[in-house]
Amino acid sequence: GAFDKFTTFSPLRGELGAGLAPSNLGNPELKPEVATEIEGGFEAGVWNNRVGLNATAWHRTVNDLLIARQFAPSGGFRSTQLDNIGQAKAHGLELSVLTYIINRPNFGLEFSANAASLSQTLTSLGGSPVIKTNAGYVRHRVFLKQGDPLGSIYVPRMAVACPSGNTPAQNKA
């Protein structure tokens, strides 16, 4: 946003008078993301263009990746703050086939099929530890981990009862 770089405050109304409440922590080191992408593909028609084939492959690298991070709320700023961290890489492939089964002046019937694949990986967190994203619901386990896909969901481990009736954590004592 226009003011993500600056520390801002919101107006606060109260019975005893006006005041200010922390709004945006601000980050003076904030820079734009820089994405570099290369893409290539082809389109071909066979049998007098009754069948068309399309293919596209691409590869993207994003440096100075912008992530909404939660900093310590004890500073008074409870909302997330944009921060540049690390790098993400992505690549994909798109394929499509189109065929004209019937192609008459008053009637036409065509068939098409599409397929696509996408792979996105967080290749660097810039030295930051694992980041839990703000999913809105406390039980969502969406984390940013280096080497994993962006926005991966992780299942929490549950304690398993031992034959003695204790949990594994109780048995370690």
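The model is predicted, so local features need pLDDT of at least 70 and side-chain atom pairs count only at pLDDT 80 or more, while totals for chains, interfaces and linings use all residues. Residues are numbered from 1 along each chain as its sequence is written, and side-chain values use heavy atoms, with hydrogens and water left out.

**The sheet**

- Start with the open sheet, where four strands follow the order β3-β4-β5-β6 with antiparallel pairing. Strands here are DSSP runs (E, at least two residues), numbered from the N terminus, and two of them pair if DSSP finds at least two bridges between them.
- β3 (34-46) and β6 (108-124) are the edge strands; each has a single partner strand, so one side of each has no neighbour in the sheet.
- From one strand to the next, the twist averages 15°, with axes taken as lines fitted to C-alpha atoms and angles running from 0 to 180 degrees between N-to-C directions.
- Between β3 and β4 (residues 51-69), which run antiparallel, there are 13 bridges.

**The largest nonpolar core**

- Nine residues form the largest nonpolar core: Val62, Leu65, Ile67, Ile85, Ala88, Leu122, Leu125, Ile131 and Leu144. Such a core is a set of buried Ala, Val, Leu, Ile, Met, Phe, Trp, Tyr and Cys residues joined through side-chain atoms within 4.5 Å.
- Both β4 and β5 (81-103) supply at least two residues of this core, and β4 gives the most, with three.
- Leu125 touches Ile85, Gly86, Val130, Ile131, Leu144, Lys145 and Gln146, leaving out residues up to four places away in sequence; contact means heavy atoms within 4.5 Å.

**Leu118 in β6**

- Leu118 lies in strand β6 and has a relative accessible area of 57%, so Leu118 is exposed. The cut-offs are under 20% for buried and over 50% for exposed, with partly exposed in between (1.4 Å probe, protein chains only).
- Beyond four places in sequence, Leu118 touches Trp58, His91 and Gly92.
- Leu118 and Trp58 are 60 residues apart along the chain, and their C-alpha atoms are separated by 9.6 Å.

**Gln146 in a loop**

- You will find Gln146 in the loop between β8 (142-144) and β9 (152-153).
- Setting aside neighbours within four places in sequence, Gln146 is in contact with Leu122, Thr123, Ser124 and Leu125.
- Gln146 and Thr123 are 23 residues apart in sequence, with 5.6 Å between their C-alpha atoms.
- A polar atom of the Gln146 side chain lies 3.3 Å from the backbone nitrogen of Leu125.

Definitions and conventions: A polar contact is a pair of N or O atoms within 3.5 Å; within protein, one must be able to donate a hydrogen and the other to accept it, and residues adjacent in sequence count only if both atoms are side-chain atoms.
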